[in-house]
Structure formats: structure tokens, C-alpha cells
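Me: I have a structure open here and would like to go through it slowly with you. Could you take my questions one at a time?

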Amino acid sequence: MHLYFLIFHLIFSYHCFSYDQFIPNNDSEWIKTNHSWDAVRLRNQLRKTPKDNTLLLQLIHKYINLNRIVKAKHFLKMAKNRRINSYYLLLLEGMILNRESRVSPKARKLLYSALLKSEQTQAIYYIEYLECLFREKRLKKGIYWNRLAMKLFPRNLVLMQMYARFWFYSGHTKEAETTLLRVFEHNDGLASVNFNLSLVYAKLRQHDACIRYLKLAAFAGFSKKDLLSLNREFNFVHEHPQFLLALDKILLNYVDFQQKYRFKKI
């Protein structure tokens, strides 16, 4: 376990904010039907109805969410060859570009175009555009668009979490704290939000609050061990028994996660 503390001093020199894009929201049903189907079922259905463009777009989106970008690109090419005129297709192409290692100005342009052309009744168009702005470190612009999105979707927990992340990386820790506490009020069982609150309180050097939310994150299933063990903000509580217990629990969550998904192929 102490190996992580050694790696911590060698690698990370920045904050690690945990971000979960798949928090359920009432206004996040971006798909009319079949949104809960897995990729295999979607592909089988597409074979039966190969001209169903909506199903094709659903499948692309599913592979993007699974981070199967090669598969997503394959079906995206198929969709573009069909000349599907849809702002949803613009969204998907922008999402694929934005998930590649290099930051792509084209991704931002596609996502912005998709946002403007959409009916703006689905939060995902804002979420993906904001994700692109964050990757490009356009923090001030991100705060502006995030605030606008939250006026349309005031209860969307993903947007609220993104808003906190923009504030945190802009150096406005108290604003990040206020936003995360609002998310916590809506759903106190979100592992990533509890972790982020512990990070905020670590930044503020509030010992008891940091430990409290870290334990809540651990027992809510938080498994991103590197975000904890390699983050300098937690240095001042590394020797605390409750920190070590939380770290042990998070390591167990990580092992459980790996065993659950390691051999799953789609």
C-alpha cells in the first residue's frame, strides 16, 4: 500500500477531480427507445433492420460510452455514407474526436454546431461541449456555458458536477464546495461526488470533513485508487488511521471492479 505514496511523489503534480458522466437524470434520456440495451443486442437488432438509421446512431453512441472507439468509428463511417442529416450525428462525431488522445479543435466545432442545431431539450449536447472546453482548458468559457446549461437543466447532477470541476480547476475552491454540496443534497450516495468533496476539504485543509467524505466515497464504491493515492492534496492525512482504512476499502473496490469487467468483451 505504501508503494502508492512513493509513486505519488514522483508522478502527479496536479489535482485529480473525479468525474462521472453517467449520473442518472430525468432529462438525460437522449434516446427514445432501447437506451438500456447493450451493444450486442443493438447490433443483432440492426442486422434484422439494417435500414434503421436511429438504431445505427444508438449503436455508435453505445460504443462511445463503452470507450470502444474503433467500433464507434466503423459505424460512424457507415452512418456518414448514408448521408444522415442529423445534429445527433454531429454530436457523435464530435464525441469520438474528443475521446482521442489529442485535443481536437474540430471536435469543439462539431459539438458546438450540434448544440446550436439541436432542440436543446437534452442536456447531453451541453455536457459534451463542456467536456471539450474542459479538455482545452477553456475554463472561463466553460463556466459561462455551464451556467447557461444549468438554467435549462437546473437539476441535472452531471452539469452540477461539471460546474464544480470548472470552479475547482479555476482555483475557486469555495464555489466548487458549494456546488458539490448541492449535488450531495440531491444524491448523497454518489461515490465520485463524495470523493470530490473530500478533495475540496483536503485543499482547504479541513481534516475532519476530508476524512468523512472520503469514507463515504469508499463505502459508496469509489474505485479510482490513483486519484486518491497519487494526489498531493491528501498528503496531510496520509498517516491518519481512517485514511488508511478508506484507502484499503478503495483498493478492494478497485480489485472487485477489475474482476467484474476484465474479461467482458463486446
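Me: At what angle do helix H7 and helix H8 pack, and how far apart are their axes?
Reply: Helix H7 (residues 124-135) and helix H8 (residues 139-152) pack at an angle of about 165°, and their axes are 9 Å apart. The axes are lines fitted to C-alpha atoms, for helices over the stretch in contact, and the angles run from 0 to 180 degrees between N-to-C directions. The helices themselves (H or I, at least four residues) and strands (E, at least two) are DSSP runs, numbered from the N terminus. Before we go on, please keep in mind that this is a predicted model, in which local features need pLDDT of at least 70 and side-chain atom pairs count only at pLDDT 80 or more, while totals for chains, interfaces and linings use all residues. Residues are numbered from 1 along each chain as its sequence is written, and side-chain values use heavy atoms, with hydrogens and water left out.

Me: Why give both an angle and a distance?
Reply: Because two packed helices are described by the angle between their axes and the distance between the axes.

Me: So are H7 and H8 roughly parallel or roughly antiparallel?
Reply: H7 and H8 are roughly antiparallel to each other, as angles under 35 degrees count as roughly parallel, over 145 as roughly antiparallel, 65 to 115 as roughly perpendicular and the rest as oblique. H7 passes H8 in a left-handed crossing, a term used if the near helix is turned anticlockwise from the far one by less than a right angle, and right-handed if clockwise.

Me: Which residues meet there?
Reply: From H7 there are Tyr126, Tyr129, Leu130, Leu133 and Phe134, and in H8 they meet Leu139, Lys141, Gly142, Trp145, Asn146, Ala149 and Leu152, where contact means heavy atoms within 4.5 Å. The residues of this contact of H7 with H8 divide into 9 nonpolar, 2 polar and 1 charged. In this scheme Ala, Val, Leu, Ile, Met, Phe, Trp, Tyr, Cys and Pro count as nonpolar, Asp, Glu, Lys and Arg as charged, and the others, Gly among them, as polar.

Me: And Ile127, is that buried or exposed?
Reply: Ile127, which is found in helix H7, counts as buried because its relative accessibility is 6%. Buried means under 20% relative accessible area, exposed over 50%, and partly exposed in between (1.4 Å probe, protein chains only). The C-alpha atoms of Ile127 and Trp145 are separated by 9.7 Å, with the two residues 18 apart along the chain.

Me: Let's switch to H11 and H12; what is the packing angle there?
Reply: Helix H11 (residues 191-203) and helix H12 (residues 207-219) pack at an angle of about 160°, with their axes 8 Å apart, and they are therefore roughly antiparallel to each other. H11 passes H12 in a left-handed crossing. By class, the contact of H11 with H12 has 11 nonpolar, 2 polar and no charged residues.

Me: What about H2 and H3, how do they cross?
Reply: The axes of helix H2 (residues 39-48) and H3 come within 10 Å and cross at roughly 155°, so these two helices are roughly antiparallel to each other. H2 passes H3 in a left-handed crossing, and the residues of their contact divide into 7 nonpolar, 2 polar and 2 charged.

Me: New topic: what is the phi of Asn67?
Reply: Asn67 has a positive phi of about 60° although it is not a glycine. Asn67 lies in the loop between helix H3 (53-65) and helix H4 (69-81), and this residue is exposed, with a relative accessible area of 54%.

Me: And where is Arg83?
Reply: Arg83 sits in the loop between H4 and helix H5 (87-98), and has a positive phi of about 55° although it is not a glycine. Arg83 is exposed, with a relative accessible area of 74%.

Me: To finish, how many helices and strands are there in the protein?
Reply: There are 14 helices and 0 strands in the protein. Of its 266 residues, 49% count as buried. Among contacts in the protein with a separation of 6 or more, 66% come from residues 24 or more positions apart.
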